[in-house]
Amino acid sequence: MTLDSKIPAGPIQEKWDRHRFDLKLVNPANKRKFEILIVGTGLAGASAAASLAELGYNVKVFCLQDSPRRAHSIAAQGGINAAKNYPNDGDSIWRLFYDTVKGGDFRAREANVYRLAQISSHIIDHSAALGVPFAREYGGTLANRSFGGAQVSRTFYARGQTGQQLLLGAYSALMRQVGKGSVQMFPRREMMDLIVSQGAARGIVCRNLVTGEMESYSGDAVLLCTGGYGNVFYLSTNAASCNVGATWRAHKKGAYFANPCFTQIHPTCVPVSGSHQSKLTLMSESLRNDGRVWVPKNPQDKRSPEQIPEEDRDYYLERRYPSFGNLVPRDVASRAAKAMIDEGRGVGPTGLSVYLDFSDAIKRAGESAIREKYGNLFDMYHHITDENPYRVPMRIYPAVHYTMGGLWVDYNLMTTIPGLFCLGEANFSDHGANRLGASALMQGLADGYFVIPYTLGGYLAQAKLPKLSSSAPEFKEAENLASEKIKKLLSIKGKKTASDYHKHLGKLMWDYCGMARNAKGLKNLLSQIPEMREEFWKNLALTGSGEELNQALEKAGRVADYLEFAELLAKDALHREESCGGHFREEYQTPDGEAKRDDEKFSYAAAWEFKGVGREPALHKEPLSFESVHLAQRNYQ
Amino acid sequence: MSFLSRFYSSSLGRKFFVAGAGLSLCGFLVLHLSGNLLIFKGPGVFNHFAQTLDSNPFILPAELILAGLFLFHIVIALIVRYHNYQARPIGYVKYSAKGGRTWGSRTMTATAFIVLAFLIIHLKDFRFGDRSQGVYHLVVSCLKNPYYAVFYIIAMLSLSLHLSHGFQSAFQTFGLNHPKYTPAIKKLGYLFAAVIGLGFSSIPFWIMLGKIR
Amino acid sequence: MKFFLEVWRQKNAQSQGGLVRYEVVGISPEMSILETLDVLNEQLLEKGEEPIAFDSDCREGICGMCSLVINGYPHGPEKASTSCELRMRHFQDGQTIIIEPFRAKAFPIVRDLVVDRSAFDRVVAAGGFVSVNTGNAPDANCILVPKDVADKAMDAAACIGCGACVAACPNAAAMLFVAAKISHLALMPQGAPERDARVINMRAQMDKEGFGHCANEYACEAACPKEIKVSNIAKLNREFLRAVVCSDK
């Protein structure tokens with residue numbers, strides 16, 4: 001199968017407009033005849049569900065948690081970008097587009113990114129109309145801040161809880177439709193399998209997590225809005241239930257998985273404290289606007305931070321990147337921190353952290369101004385570490401945070417399975433090899449509010465979809481397979497828990513496929529994963545039954561997926577013999593340690609086709625051409 | 001009337017009624033206490049006051065309205081209590097309430113029952129008691145009994161406790177919460193509760209001390 | 001550190017539950033109470049016993065999924081913290097910690113410490129929104145919102161929907177949750193057109209779900225991990241009074 005990205009013809013500014021005109025429309029009276037299944041209720045899922053129901057489609061929505069409002073978009077802190085240019089500081093659609101393509105290290109699809117920049121303004125308008133309490137200026141207009149390496153102030157925010165407020169906005173729109181009866185909500189459900197019938201995605205099989213029953217739902221299209229796979233590293237800033245299950249299970253049914261090795265390590269997280277830690281907590285990148293990152297100049301310097309005089313401190317980001325300073329993109333900041341720690345200059349009890357110091361900002365603006373901006377983040381840090389960041393510098397360390405890779409989708413957000421769409425972080429889309437700060441919220445909402453309502457209609461208007469009942473043999477077969485898998489997991493009765501395997505896998509992934517990768521390490525990793533997978537299926541400890549709420553069973557199922565998926569991630573990392581964005585191969589770097597791309601050989605999206613567990617996946621390349629933005633090495637000095 | 005019945009059937013509406021009746025009763029307490037304190041002026045003044053009241057043609061309708069208010073306050077509060085009980089059928093093994101919970105708020109139902117019991121006895125003995133020798137005599141002879149006096153004082157202190165929460169709580173129920181005024185309302189509530197409790201209690205106390213005879 | 005955990009175990013909604021005592025050792029002070037339960041669960045699994053079911057997700061205090069009553073306090077005795085943020089350094093070595101689920105008729109127990117809080121979703125579905133379809137919105141700066149108003153709305157909108165207010169309330173009332181949403185949308189000009197219908201409908205659904213009455217005891221405010229103020233409840237009362245008395249609804 002060849003990859004057709006379906007990028008519309010014409011100048012980049014007109015592609016989306018023309019495409020919207022070219023897409024066929026569904027007659028308003030016919031919309032209610034279509035059944036749309038949406039998995040996941042984060043920004044992408046909730047906004048898509050609300051928008052599609054508003055148009056008149058019948059929508060069924062599924063989520064793992066007890067309420068759609070808990071999806072992990074809620075934890076996004078810093079903000080959302082939009083090319084509004086309210087501050088009059090030189091922003092434009094073109095600049096947002098340019099920054100995003102460049103920030104993604106030239107591994108994103110230009111046409112998608114341009115569309116994203118075009119739509120960005122509407123997201124702010126719509127969210128404000130939904131009552132999202134964005135930060136305001138005294139005159140009542142919306143406030144902006146500069147964020148995550150941007151030199152213009154284009155980030156809109158609601159304190160340090162922007163993700164929460166945007167999600168609650170989308171959730172409220174979704175619940176409005178639930179109240180009207182146009183959306184049916186199915187919480188505490190896990191998608192076990194995708195149903196593909198006559199070449200098109202036609203339904204899903206879910207496990208009801210409370211009763212354990214398998215439930216079949218048929219539909220005319222399936223939207224996966226299930227987030228990223230950062231938890232393959234075990235420790236990440238993702239929520240406990242974030243998983244690769246839905247996309248991986250769809251991948252096994254024929255959806256290609258693109259660029260899995262593009263994972264983002266976020267530079268400002270609370271450092272790891274011990275082996276029982278279940279997750280890492282992000283400190284918003286906005287902190288880097290006012291905080292200065294430093295380590296002692298001398299690795300032997302064990303004084304407490306306030307005793308280290310100015311001349312013995314190394315503000316290494318300001319030193320290495322004078323023009324961007326503390327605001328360099330995430331991948332650059334993370335690798336710089338790693339370099340300091342590798343030099344033995346890390347601080348804190350474990351030596352695995354660097355300082356993020358606010359004393360200058362507090363001196364300059366006053367403690368109350370800092371509290372106003374970051375109060376909730378400082379409190380959160382205080383809760384976790386028992387240290388008061390108003391008095392002593394924060395300690396931070398990079399952690400896995402976001403995954404740019406995901407199911408391959410075309411310009412219409414459709415995967416390689418007709419009728420299966422993938423939105424938000426779950427697709428590979430718009431961020432290339434590295435996502436800029438405040439762009440994830442933008443992409444999730446763009447996909448849900450403003451892209452899928454058009455492109456889904458375009459698909460449904462021309463698709464020939466015969467009636468398919470949820471009692472069709474395809475569903476029964478998938479239900480049986482899912483039940484058998486659960487029975488199998490329960491029957492192992494071994495000694496090691498799923499968490500043990502997850503921790504072990506995560507450690508390997510972090511060590512060999514984390515911030516810096518090399519061929520030797522990746523090969524080593526690739527030899528260990530199948531062994532671990534085999535052991536997992538022989539020695540898993542699990543109790544209880546499949547006919548009840550069994551959280552250990554849920555966890556085991558997700559770890560089983562990770563043990564398969566990790567191999568693909570590592571293979572992708574090994575095959576991509578270049579450094580770009582979040583993917584840093586030690587063999588490919590410039591003399592001063594920056595990422596070195598190989599545009600000759602690797603200017604493509606790598607879309608992998610599943611060929612069986614443990615079998616070599618097939619690589620399909622979608623060539624990326626850059627007509628509007630000229631390829632250049634990123635330079636933040 | 002349908003809006004009133006809908007209003008009543010809502011949890012918020014019921015609370016408005018309880019609070020409204022409660023605050024009105026607070027007004028009655030002020031009047032009652034002012035009358036009672038005339039006892040310190042001696043039997044002449046006090047009995048004259050009582051007779052003037054009794055001979056007022058509006059006293060019966062006023063009493064009926066008052067009785068209605070009491071009943072209304074009590075019945076709706078009991079309904080609210082019942083609903084609240086239903087809202088948590090299985091309690092906690094360990095419950096460490098904190099926040100604005102006070103002795104007053106915690107004991108609202110208990111103090112209500114004490115005051116109710118008092119009210120019944122009080123009506124029987126004073127409103128419908130033998131007033132032939134003057135109300136002054138009736139009061140003094142009843143409260144000379146130390147058990148009666150102690151019961152009277154306990155009931156009044158319960159009322160005070162009830163008011164310490166009820167007074168300020170009514171303002172919150174009416175939506176009157178403001179950073180400028182709420183602290184003052186709270187203080188006023190405590191002051192009001194103290195004045196009412198101590199004011200009424202002063203009479204049996206003085207009688208026990210033998211200062212009023 | 002070592003702790004004795006007395007945890008509410010209940011097989012399912014129908015069965016009877018009770019406290020079961022466990023000992024956990026090797027706990028470090030920076031671990032959270034949920035990580036302590038994780039450790040205990042790992043031990044139980046290895047012994048072939050069924051682990052304790054409890055809800056949690058983001059583990060950074062924002063998703064509102066965790067829902068434990070710890071020594072009688074929803075989310076534990078620490079101020080402004082969710083269960084997942086509660087570190088073991090706040091307990092004494094060797095202490096007994098009682099862990100129960102949120103208790104309210106409107107939050108039926110699913111299993112062990114897991115409860116069903118879908119009542120909150122239904123309350124929101126009844127009116128906790130602004131009726132604006134995607135595509136309808138004017139430019140965001142068309143409607144000015146004074147900074148102090150936006151800040152106040154944000155204070156209320158910070159609610160994470162965990163239900164600790166209900167768990168803490170002696171009457172299992174959901175007033176603080178409902179008030180936070182009413183207050184947020186009543187403050188924002190975008191919420192104004194539906195102000196009356198919203199408060200009437202959300203209130204009606206709240207009662208239907210079987211939550212209790214507010215007795216102004218403010219246990220909710222003390223338990224709220226996001227420190228939502230009870231002045232929002234006064235605002236809810238005001239909005240309700242206004243809607244019932246002044247509007248034709």
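This note goes through a predicted model, point by point.

1. Conventions. Chains are lettered from A and ligands numbered from 1 in the order in which they are written, while residues are numbered from 1 along each chain as its sequence is written. Because the model is predicted, local features need pLDDT of at least 70 and side-chain atom pairs count only at pLDDT 80 or more, whereas totals for chains, interfaces and linings use all residues.

2. Contact of chains A and C. Chain A brings 67 residues to this contact and chain C brings 68 residues; two residues are in contact if their C-beta atoms, placed from the backbone, lie within 7 Å. Six helices of chain A are named here: α3 (43-55), α5 (110-129), α6 (162-180), α12 (367-385), α13 (440-462) and α17 (551-575) each supply at least two residues of the side that touches chain C. Helices (H or I, at least four residues) and strands (E, at least two) are DSSP runs, numbered from the N terminus. With 9 residues, α6(A) gives the largest share of that side.

3. Make-up of that side. The side of chain A that touches chain C has 28 nonpolar, 27 polar and 12 charged residues. Nonpolar covers Ala, Val, Leu, Ile, Met, Phe, Trp, Tyr, Cys and Pro; charged covers Asp, Glu, Lys and Arg; the others, Gly among them, count as polar.

4. Chain C as a whole. Chain C contains 8 helices and 7 strands, and its C-alpha trace spans about 60 × 35 × 35 Å along its principal axes. Of its 249 residues, 63% are buried (20 or more other C-beta atoms within 10 Å of the residue's own; exposed means 12 or fewer, partly exposed is in between, and C-beta atoms are placed from the backbone).

5. Domains of chain C. Domain 1 covers 3-111 and domain 2 covers 117-246; such bounds come from an automatic or database domain assignment. The C-alpha centres of the two domains of chain C lie 29 Å apart. In chain C, 18 residues of domain 1 are in contact with 17 residues of domain 2. On the domain 1 side, the residues divide into 10 nonpolar, 6 polar and 2 charged.

6. A parallel sheet in chain A. Five strands make an open sheet with parallel pairing, in the order β5-β2-β1-β9-β17; two strands pair if DSSP finds at least two bridges between them. At the edges stand β5 (183-186) and β17 (420-422) of chain A, each with a single partner strand, so one side of each lacks a neighbour in the sheet. From one strand to the next the twist averages 20° (axes are lines fitted to C-alpha atoms, for helices over the stretch in contact, and angles run from 0 to 180 degrees between N-to-C directions). Strand β9 (residues 221-224) of chain A pairs with β17(A) over 3 bridges, and A:Leu223 has A:Phe421 as its bridge partner.

7. Strand β7 of chain A. Why is β7(A) largely enclosed by the rest of the structure? In β7 (residues 200-208) of chain A, 8 of the 9 residues are buried, so the strand is largely enclosed. β7(A) pairs antiparallel with β6 (residues 189-197) of chain A over 8 bridges, and A:Arg189 has A:Asn208 as its bridge partner. The hairpin of β6(A) and β7(A) has 2 residues between the strands, and A:Gln198 in the turn has a positive phi of about 50°. A further 5 bridges join β7(A) to β8 (residues 214-218) of chain A, again antiparallel, with A:Cys206 opposite A:Glu215.
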